[in-house]
Amino acid sequence: MIVVMKPGASKDQIQHVIDLVREYGLKEHPIYGTDRTVIAAIGDKRMVDKGAIENAPMVDRIMPILAPYKMASTEVQQERSQIKVGPKKFPIGGKKVGIIAGPCAVESEDQIFRIADAVSEAGCIGLRGGAYKPRTSPYSFQGMQEEGLKLLAEARKRTDLAIFTEVVSVDTVDIVAEYADVLQIGARNMQHYALLEAVGKSGKPVLLKRGLSSQLDEWLLAAEYIINAGNKEVILCERGIRAYENYVRNTLPLAAVPELHQRTHLPVLVDPSHGTGHAHLVPPMCRAAIAAEADGLIIEVHNDPEHALSDGAQSIRPEVLTELMGSLKKIAKAVNREM
Ligand code: PEP
Ligand code: MN
């Protein structure tokens with residue numbers, strides 16, 4: 001349920017409600033708005049005497065939260081969340097659209113530095129690159145691991161880009177969090193609940209990709225695991241789902257973006273690279289995603305896609321990215337956003 005305080009409630013009055021919520025065995029999540037504070041109280045409400053809380057000083061009203069995902073829902077917070085990432089603290093989820101680009105995997109110093117420089121020059125705000133790769137086959141390249149993380153941190157030093165990189169296991173959360181600005185949870189791990197809880201305790205923003213066959217409610221409940229573990233900084237990423245078409249690697253349902261904006265205050269990015277699987281489809285779907293109100297994009301870019309160790313077919317070249325940025329700026333402007 002949500003306890004809505006009256007405008008002007010004092011710190012002590014808010015604390016009093018928090019104490020009551022705790023007394024009932026619920027967990028409090030206060031949200032301090034510009035006008036008033038609301039306190040979401042999460043847990044088993046069967047034992048709660050709502051009247052007692054409603055009677056506390058400066059409580060306006062109590063409302064149930066109907067969505068199964070509570071803290072992620074717009075019922076609890078209407079204002080869109082802004083999550084600041086990287087050395088420049090770029091706000092994802094505000095008026096500005098943020099573009100993140102980079103290779104599927106970090107492969108070498110030369111590769112990641114070249115791509116990082118190109119991504120930075122193109123005007124992106126973040127560099128992506130997997131150091132730990134969740135590959136479908138155990139025989140495929142599994143990533144450079146800690147060495148890859150170190151190269152990403154070096155690339156950040158050169159460019160000031162925010163580093164987005166995947167974490168695939170609970171026991172590597174700490175090391176990835178030491179180097180990365182944003183921890184990516186891949187599609188295959190969207191329902192790896194122990195991992196969600198671990199990144200929830202990491203203190204770093206999380207990019208939560210949609211599972212290959214997950215519905216929006218399941219995805220938002222996965223976000224809820226992270227928030228419930230103590231981390232409100234969750235960014236969702238639509239990366240396409242498994243459908244029956246085979247001209248694409250995945251089917252990219254862009255209607256998810258405006259639908260998510262109705263259901264959740266969390267920012268929504270789109271990944272048209274995994275969403276299509278083919279480089280020629282990436283620029284048009286990037287444009288479509290911005291038109292559909294995505295808060296940003298995460299795009300695979302490679303300087304030599306023909307020799308990429310993973311996902312070469314869907315990686316665009318740096319020159320294509322640079323050209324694409326020009327058209328994305330125009331589309332952002334047309335939908336009242338900035339880039
Ligand atoms: C990736 O970003 O390289 C990746 C493995 O993505 P996904 O988890 O969406 O398949
Ligand atoms: Mn990839």
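Helix axes here are lines fitted to C-alpha atoms over the stretch in contact, and angles between N-to-C directions run from 0 to 180 degrees. Helices themselves are DSSP runs (H or I, at least four residues), numbered from the N terminus. This is a predicted model, where local features need pLDDT of at least 70 and side-chain atom pairs count only at pLDDT 80 or more, while totals for chains, interfaces and linings use all residues. Residues are numbered from 1 along each chain as its sequence is written, chains are lettered from A and ligands numbered from 1 in the order written, and side-chain values use heavy atoms, leaving out hydrogens and water.

**View 1. Helix α7 packs against helix α8.**
Take α7 and then α8 (residues 256–263): their angle is about 55°, and their axes sit 12 Å apart. That makes α7 oblique to α8 (under 35 degrees would be roughly parallel, over 145 roughly antiparallel, 65 to 115 roughly perpendicular, and the rest is oblique). The crossing of α7 past α8 is right-handed, meaning the near helix is turned clockwise from the far one by less than a right angle. On the α7 side, look for Leu216, Asp217, Trp219 and Leu220, which touch Ala256, Glu259, Leu260 and Arg263 of α8 (contact is heavy atoms within 4.5 Å). Sorted by class, this contact has 5 nonpolar, no polar and 3 charged residues.

**View 2. Helix α6 meets helix α7.**
Here α6 (residues 193–200) and α7 (residues 216–228) pack at about 45°, with axes 7 Å apart. These two are therefore oblique to each other, and α6 passes α7 in a right-handed crossing. Tyr193, Leu196, Glu197, Val199 and Gly200 come from α6, while α7 brings Ala222, Tyr225 and Ile226. Count up the classes in this contact of α6 with α7 and you get 6 nonpolar, 1 polar and 1 charged.

**View 3. Helix α3 packs with helix α4.**
The pair α3 (residues 109–121) and α4 (residues 146–159) has an angle of about 35° and axes 10 Å apart. Again, the crossing of α3 past α4 is right-handed. Among the residues making the contact are Ile112 and Phe113 of α3 and Leu151 and Leu152 of α4.

**View 4. Ligand 1 and its surroundings.**
Zoom in on ligand 1 and you'll find residues around it including Cys104, Arg128, Glu166, His274 and Glu300 (each has a heavy atom within 4 Å). A polar side-chain atom of Lys133 is 2.8 Å from a ligand 1 oxygen. For Gln184, a side-chain N or O atom lies 2.9 Å from an oxygen of the ligand. Ala187 uses its backbone instead, with a polar atom 2.7 Å from a ligand 1 oxygen.

How values were computed:
Ala, Val, Leu, Ile, Met, Phe, Trp, Tyr, Cys and Pro count as nonpolar, Asp, Glu, Lys and Arg as charged, and the others, Gly among them, as polar. A polar contact is a pair of N or O atoms within 3.5 Å; within protein, one must be able to donate a hydrogen and the other to accept it, and residues adjacent in sequence count only if both atoms are side-chain atoms.
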